[in-house]
Amino acid sequence: MRSRKRAVAVTTSWLLLAGGLTVGVSTAGVRALESVTAGAGSVGEAVQPAGLLDSTRRVAADAARGNQARRAAAVRASRQRPAQTPRTASPITAADLTPTPAQALGDKPHAYLDGCHAAAATLVARACVYGRATAPVRVLVLGDSHAAQWQGALELAAAQRNWVITWLTKSGCPAADVHVLSRGTPFVQCDQWRRSALSVSARGPAYDLVVLASWTGHEITARPGSPVLTGAARARTWSAGVRRTVATLTPHARRVVWLRDTPRMRVDVPGCVLDHPRDLHACATPRATAQASPLWPAEWAAVSGLSRAGAVDLTATICGTSWCEVAAGRVLRWRDSGHLTNTYSRVLAPTVGVALAKELR
């Protein structure tokens, strides 16, 4: 006895055949197994009425052909439809940001509030101490407002790592030993304050770490009243000034680090965000533009070859590979075009702590 089996993937339709017999016929989705045997008295012949098997085969074949046609049509249609764009989360808008654009300019470190960030007219440096005075690691911070902007990050890092911080910063007065202008006139008060600050730094036990940072946009002169320097002469003068300050401090510190200036945005960030509340990327700056200052190579060259001195660049933490965006998640990064908000500075505490701890090894 020969047998052959055929399986068809179909769903079931119910047909009324001759003699009132109801038969389930496959059309899509179910496996229908048919057993046909040859020879008289076979089980197949005993259970199937005459002509039923042939009728069932014809119906199933027609259904299968219909299914194939429908599947082919569906494939053609799917190829003609444009691919759907994956759904993404709603973009962050100005209303989502902390601080708000209106609050950003006032989101400053508390050194501004407690008198520890010296005003432009101040001549005598006054050190402030933050943290537990008996902490085993002593850190000194010296520079202008671009050093002061790191207070949020440094204080949190100090609390986490048991550091104590001595604070010496002054508006418009770079840590580099150079002559600068303030509103177009020689800033002689800066020269006097810096000498005072370096004298204060030399008192007492040596520091474990000194952190220096400054804005690189200062107008620099060779001496008070001389023309403003540009190009290579400006870079050379700045580099020499950085080196003098670092060399003055290294006898009083285990390690001295120059912190690269933060990227400078092409717009006033809070104002731009208010103008483009639903398109924050409109306020972004290409990274190559934001960090275009030629003074970083000069700073790096200044510390090269000096014992116990180094340089740290945190640009990759603040900006992406191509763009410096105005927000990190829901936190507004800048309070103007060049200073970090204190809220964002605190966000950076873990990264800053790790980077500076490496310098202490």
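I counted seven salt bridges, a salt bridge being a side-chain nitrogen of Lys or Arg within 4 Å of a carboxyl oxygen of Asp or Glu. I note that this is a predicted model, in which local features need pLDDT of at least 70 and side-chain atom pairs count only at pLDDT 80 or more, while totals for chains, interfaces and linings use all residues. Residues are numbered from 1 along each chain as its sequence is written, and side-chain values use heavy atoms, with hydrogens and water left out.

**Salt bridges.** I looked up Arg 194 and found a salt bridge with Asp 177, the closest N and O atoms being 3.6 Å apart. Arg 194 lies in helix α6 (residues 188–201) and Asp 177 in the loop between β6 and β7, so the pair ties together parts that are 17 residues apart in sequence. Helices (H or I, at least four residues) and strands (E, at least two) are DSSP runs, numbered from the N terminus. Arg 194 is buried, at 2% relative accessible area, whereas Asp 177 is partly exposed at 30%; buried means under 20%, exposed over 50% and partly exposed in between (1.4 Å probe, protein chains only).

Arg 194 also forms a salt bridge with Asp 191, at 3.7 Å between the closest N and O atoms. Both residues lie in α6, three residues apart, about one turn of the helix. I recorded a network of salt bridges that links Asp 177, Asp 191, Arg 194 and Arg 244.

**Helix α10.** In α10 (residues 295–303), I found Leu 295, Trp 296, Ala 298, Glu 299, Ala 302 and Val 303 buried. They cover an arc of only 160 degrees around the axis, which puts them on the same side of α10; the arc is that of the directions from the helix axis to the C-beta atoms. These buried residues pack against α7 (231–249), β11 (256–259) and β13 (309–312), contact meaning heavy atoms within 4.5 Å. Just after α10, Gly 305 has a positive phi of about 90 degrees.

**Helix α5.** In α5 (residues 151–161), the buried residues include Gln 151, Leu 154 and Ala 158. Asn 162 follows α5 with a positive phi, near 65 degrees.

**Second largest pocket.** I list 24 lining residues, of which Ser 145, Ser 171, Gly 172, Trp 215 and His 339 lie nearest the centre of the pocket. α4 (145–148) and β7 (179–182) each supply at least two residues of this lining. A pocket is, on a 1 Å grid over the protein atoms alone, an open set of points where a 1.4 Å probe fits, with protein on both sides within 12 Å along at least five of seven lines; lining residues have an atom within 4 Å of a point.
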